[in-house]
Amino acid sequence: MDLLIHYTFLPADDPEASLAFYRDVLGFDVRNDVGYGDMRWITVGPPAQPQTSIVLHPPAADPGITDDERRAIAALMAKGSYASVVLATSDVDAAFEKVQAGGAEVVQEPMDQPYGTRDCAFRDPAGNMVRINQV
């Protein structure tokens, strides 16, 4: 079987702020931007990986979600514990400097983890955890 990760989804409660982070700070391409009413689904991805994308989507847009569930999702997003993505780079220290200079909320400065990875972490504008591993 030949499988790739094609799309993954991250909630974005402020589409413009999320777009600025992923496009301007991380350097991702904008591949699609679809609006429906006051909601937007923005597809971004690394320029060197055209087959892999992140869709920034309105949280709790599913009509089957209850108001209580919407409130729970909003609370988890506010805490930064609802969604995450792990990215990779050959120079995590340089990536950290660039993302920090872009104004992202720093969660963890670059460090060597006991399990063998050097990484850092930020929160995107929606509170999603963005970890960057050195490979």
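This is a predicted model: local features need pLDDT of at least 70, side-chain atom pairs count only at pLDDT 80 or more; totals for chains, interfaces and linings use all residues.
Student: How many bridges join β5 to β8, and in which sense do the strands run?

Tutor: Strands of a sheet pair through backbone hydrogen bonds, and the pairing is either parallel or antiparallel. Here strands (E, at least two residues) and helices (H or I, at least four) are DSSP runs numbered from the N terminus, and two strands count as paired if DSSP finds at least two bridges between them. β5 and β8 run parallel and are joined by 6 bridges.

Student: In what order do the strands of that sheet lie?

Tutor: The sheet is open, with 4 strands in the order β5-β8-β7-β6 and mixed pairing. Its edge strands, each pairing on one side only, are β5 and β6, and from one strand to the next the twist averages 15 degrees. β6 and β7 run antiparallel through 5 bridges, with V106 standing opposite F122 in β7. These two strands form a hairpin with 5 residues between them, and G116 in its turn has a positive phi of about 100 degrees.

Student: Which residues does N133 contact, apart from its neighbours in sequence?

Tutor: N133 lies in strand β8. Contact here means heavy atoms within 4.5 Å, and, leaving aside neighbours within four places in sequence, N133 is in contact with V86, L87, A88, T89, T117, R118 and D119. The residues N133 and V86 are 47 residues apart along the chain, yet their C-alpha atoms are separated by 7.1 Å.

Student: Where does α3 lie on the strands, and at what angle?

Tutor: Axes are lines fitted to C-alpha atoms, for helices over the stretch in contact, and the angles run from 0 to 180 degrees between N-to-C directions. α3 lies across β5, β6, β7 and β8, running at about 15 degrees to β7.

Student: Which residues of α3 are buried, and why do they line one face?

Tutor: An α-helix has 3.6 residues a turn, so residues three or four places apart point the same way. Buried means under 20% relative accessible area, exposed over 50% and partly exposed in between, for a 1.4 Å probe and protein chains only. In α3 the buried residues include V92, A95, F96 and V99. Seen down the axis of α3, the buried residues fall within an arc of 105 degrees, taken from the directions from the helix axis to the C-beta atoms, so they line one face of the helix. Among the elements that cover them are α1, β5, β6, β7 and β8.

Student: What is the strand order of the other sheet, the one that holds β3?

Tutor: That open sheet has 4 strands in the order β1-β4-β3-β2, again with mixed pairing. β1 (7-11) and β2 (29-36) are the edge strands, each pairing on one side only, and the twist averages 20 degrees from one strand to the next. β2 and β3 run antiparallel, joined by 7 bridges, and D33 stands opposite I42 in β3. On the β4 side, the bridge partner of I42 is L56, and β3 and β4 are antiparallel over 3 bridges. The hairpin of β2 and β3 has 2 residues between the strands, with G37 in the turn at a positive phi of about 65 degrees.

Student: Which helix lies across β1, β2, β3 and β4?

Tutor: α1 does, running at about 5 degrees to β3. Its buried residues are S18, L19, F21, Y22 and V25, and what covers them includes β1, β2, β3, β4, α3 and β8. After α1 comes G27, with a positive phi near 80 degrees.

Student: Which residues touch the most other members of the largest nonpolar core?

Tutor: In soluble globular proteins, nonpolar side chains tend to be buried together. A nonpolar core is a set of buried Ala, Val, Leu, Ile, Met, Phe, Trp, Tyr and Cys residues joined through side-chain atoms within 4.5 Å. The largest core has 24 residues, of which F21, Y22, I54, L56, V99 and I132 touch the most other members. The elements giving two or more residues to this core include α1 (15-25), β4 (53-57), α3 (92-101) and β8 (129-134). A second, separate core has 5 residues, among them A60, I65, I73 and A126.

Terms used. Residues are numbered from 1 along each chain as its sequence is written. Side-chain values use heavy atoms; hydrogens and water are left out.
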